[in-house]
Amino acid sequence: MSASGLVARRAALDLLDSVLRRARPLDQALARSSAFAALEPRDRAFARHLVATALRRLGQIDGLLAACLEKPVKARQSRLEDLLRLGACQLAFLRTPPHAAVSTTMALAGENRLTGAKSLINAVLRRLSREAETLLAAQDAARLNTPDWLWNSWIGAYGEDTARQIAEAHLAEPPLDITVQGKRDLLVKRLGALELPSGSLRLPGGQRDVTRLPGYAEGQWWVQDGAAAWPAQLFGDVSGRQVIDLCAAPGGKTAQLAAAGAQVTAVERAKERLGQLTENLTRLGLSARTVIADGTFWRPETLADGVLLDAPCTATGTLRRHPDIAHLKSARDVAAVARAQDRLLAAALEMVRPGGLLVYATCSLQPEEGPERIAALLAAGAPVERVPVSAEELGGLSAAVTAEGDLRTLPCHLADQGGLDGFYACRLRRL
């Protein structure tokens with residue numbers, strides 16, 4: 001058992017606790033963990049991968065443990081439960097050698113005053129090392145790893161077959177997508193990338209330090225899911241146009257608009273997130289006017305040619321990249337953000353000139369955060385008309401065009417190429 005391997009697992013245990021017990025988003029937990037930051041790059045990648053996989057496969061992991069335990073772990077023994085989860089995750093999904101998974105879990109049990117549970121831990125993990133493959137074969141992975149509220153919502157919105165395909169797409173580690181400015185052909189060769197219908201480049205999946213990849217330091221590209229690249233493209237030619245990007249951080253869409261020649265005003269209420277946006281633009285050699293404000297109340301001095309509202313949402317379309325969302329969000333959150341989205345939509349409409357375009361987008365799979373918000377806006381008599389999206393605008397991906405003419409990507413779209421984030425976007429013209 002290496003010292004670094006134990007330290008990485010110790011950090012992973014604390015991170016899992018932050019997500020499941022303190023309801024902290026994984027990215028936030030990673031950013032705030034001094035133990036994680038102190039790890040060597042290789043151990044840092046392992047710790048993150050271990051926690052992300054445990055969250056992505058938590059339903060299956062708990063099913064494996066239930067099959068090996070005579071009675072459930074008591075609620076007050078959360079540390080023991082998480083230790084078992086991480087041990088099981090290593091054996092069943094990371095293919096960690098049994099001696100390493102068992103010995104490190106036992107060592108962590110000792111550190112956490114769980115010496116009396118060592119015999120239980122040893123017995124459960126030894127059994128899993130022998131029987132995990134058989135137990136996994138009998139599981140319905142897609143269903144087990146999807147909370148009931150999400151599963152039922154997706155069946156209602158997309159039908160059972162598509163709901164299952166969505167859930168299955170969430171089980172895989174996602175590839176890395178980037179949006180490029182300049183030297184495209186050269187980057188395709190240097191990175192061994194695949195070009196997506198959105199124009200994004202896709203790199204093979206796996207943990208990596210993106211800052212070390214060719215072209216990053218030179219500001220030739222930024223990380224952005226292939227589906228997330230489409231909303232900004234729905235404005236068409238924006239060269240010389242005034243475009244407002246509401247809720248702009250982390251800045252991928254701001255960068256797209258600026259790179260296309262738009263005069264962009266990026267509005268973001270979180271000062272820290274706006275700082276990250278500014279840093280990204282500096283690296284990319286792009287510029288935009290930045291405003292720290294809540295888009296619900298802020299108004300521009302002059303009306304814009306276009307407004308992009310990538311509204312705050314439950315982000316259930318990004319579960320491939322953020323598996324913690326399945327354990328942090330609930331149906332109550334959907335209702336709360338829907339109300340906030342209505343307020344932002346009304347505000348955004350006041351910012352765009354007559355004849356200008358408003359693009360509303362969310363990275364949610366929930367219909368309450370997408371088409372239902374647009375339906376409510378139109379039913380209220382808002383002075384807008386829908387401008388349908390065509391398959392040609394989406395690189396020929398007709399499956400991503402709804403009957404109403406909106407954009408709707410699903411994680412199971414382009415499944416043979418690694419899938420897409422779930423995105424909804426509607427293009428409206430101000431009358």
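Trainee: How many of the seven residues of strand E8 are buried?

Mentor: Seven of the seven residues of strand E8, which spans 304-310, are buried, and the strand is mostly covered. Buried here means under 20% relative accessible area, with exposed being over 50% and partly exposed lying in between, for a 1.4 Å probe and protein chains only. Strands (E, at least two residues) and helices (H or I, at least four) are DSSP runs, numbered from the N terminus. Please keep in mind that this is a predicted model, in which local features need pLDDT of at least 70 and side-chain atom pairs count only at pLDDT 80 or more, whereas totals for chains, interfaces and linings use all residues. Residues are numbered from 1 along each chain as its sequence is written, and side-chain values use heavy atoms, with hydrogens and water left out.

Trainee: Which strands does E8 pair with, and in which sense, parallel or antiparallel?

Mentor: Strand E5 (residues 242-246) pairs with E8 in the parallel sense over four bridges, and strand E9 (residues 352-362) runs parallel to E8 with six bridges joining them. Two strands are taken to pair if DSSP finds at least two bridges between them. In E8, Val-307 is the bridge partner of Ile-244, while Ala-304 stands opposite Val-352 in E9.

Trainee: What joins E5 to E6?

Mentor: Five bridges join E5 to E6, and the two strands run parallel; within that pairing, Leu-246 stands opposite Val-267 in E6. Strand E6 covers residues 263-268 and has five of its six residues buried, so it is largely enclosed by the rest of the structure.

Trainee: Switching to the open sheet of four strands, what is its order?

Mentor: The order is E2-E3-E1-E4, with antiparallel pairing. Strand E2 (194-195) and strand E4 (221-223) stand at the edges with a single partner strand each, so one side of each is left without a neighbour in the sheet. Strand E1 (residues 176-180) is joined to E4 by three bridges, running antiparallel, and Ile-178 in that pairing stands opposite Val-223 in E4.

Trainee: How many aromatic pairs does a search of the whole structure find?

Mentor: The search finds two. One of them is formed by Tyr-360 and Tyr-424 and is edge-to-face, at 6.4 Å centre to centre and with 65° between the planes. Tyr-360 lies in strand E9 and Tyr-424 in strand E12 (residues 423-430), so the pair ties together parts that are 64 residues apart in sequence. For the cut-offs, rings of Phe, Tyr and Trp (its six-membered ring) pair if their centres lie within 6.5 Å, and planes under 30 degrees apart count as stacked, over 60 as edge-to-face and the rest as tilted.

Trainee: Is Tyr-360 buried or exposed, and what about Tyr-424?

Mentor: Tyr-360 and Tyr-424 are both buried.

Trainee: And what sits over the ring of Tyr-216?

Mentor: The charged end of Arg-283 sits over the Tyr-216 ring, 3.8 Å from its centre, a contact that is counted if NZ of Lys or CZ of Arg is within 6 Å of the ring centre and within 35 degrees of the ring normal.

Trainee: Cavities next: how many of 30 Å³ or more are there?

Mentor: A search of the whole structure finds two. A cavity is a set of points, on a 1 Å grid over the protein atoms alone, where a 1.4 Å probe fits but cannot get out, and lining residues have an atom within 4 Å of a point. The largest has a volume of about 130 Å³, and among its 14 lining residues Arg-56, Asn-145, His-170, Leu-319 and Ala-326 lie nearest its centre. Helix H4 (41-56) and helix H10 (148-158) each supply at least two residues of that lining.

Trainee: Which helix gives the largest share of the lining of the second largest cavity?

Mentor: The largest share, four residues, comes from H6. Helix H6 (78-92) and helix H7 (98-111) each supply at least two residues of the lining, and the volume of this second largest cavity is about 40 Å³. Its lining includes Arg-9, Leu-50 and Gln-90.

Trainee: Where does Gly-63 lie?

Mentor: Gly-63 lies in helix H5 (residues 58-68) and, at 29% relative accessibility, counts as partly exposed. Gly-63 and Leu-135 are 72 residues apart in sequence and 8.8 Å apart in space, C-alpha to C-alpha.

Definitions and conventions: On a 1 Å grid over the protein atoms alone, a cavity is a set of points where a 1.4 Å probe fits but cannot get out, and a pocket is an open set with protein on both sides within 12 Å along at least five of seven lines; lining residues have an atom within 4 Å of a point. Grid points are joined across faces, edges and corners, and a volume is the space filled by probe spheres set on the points.
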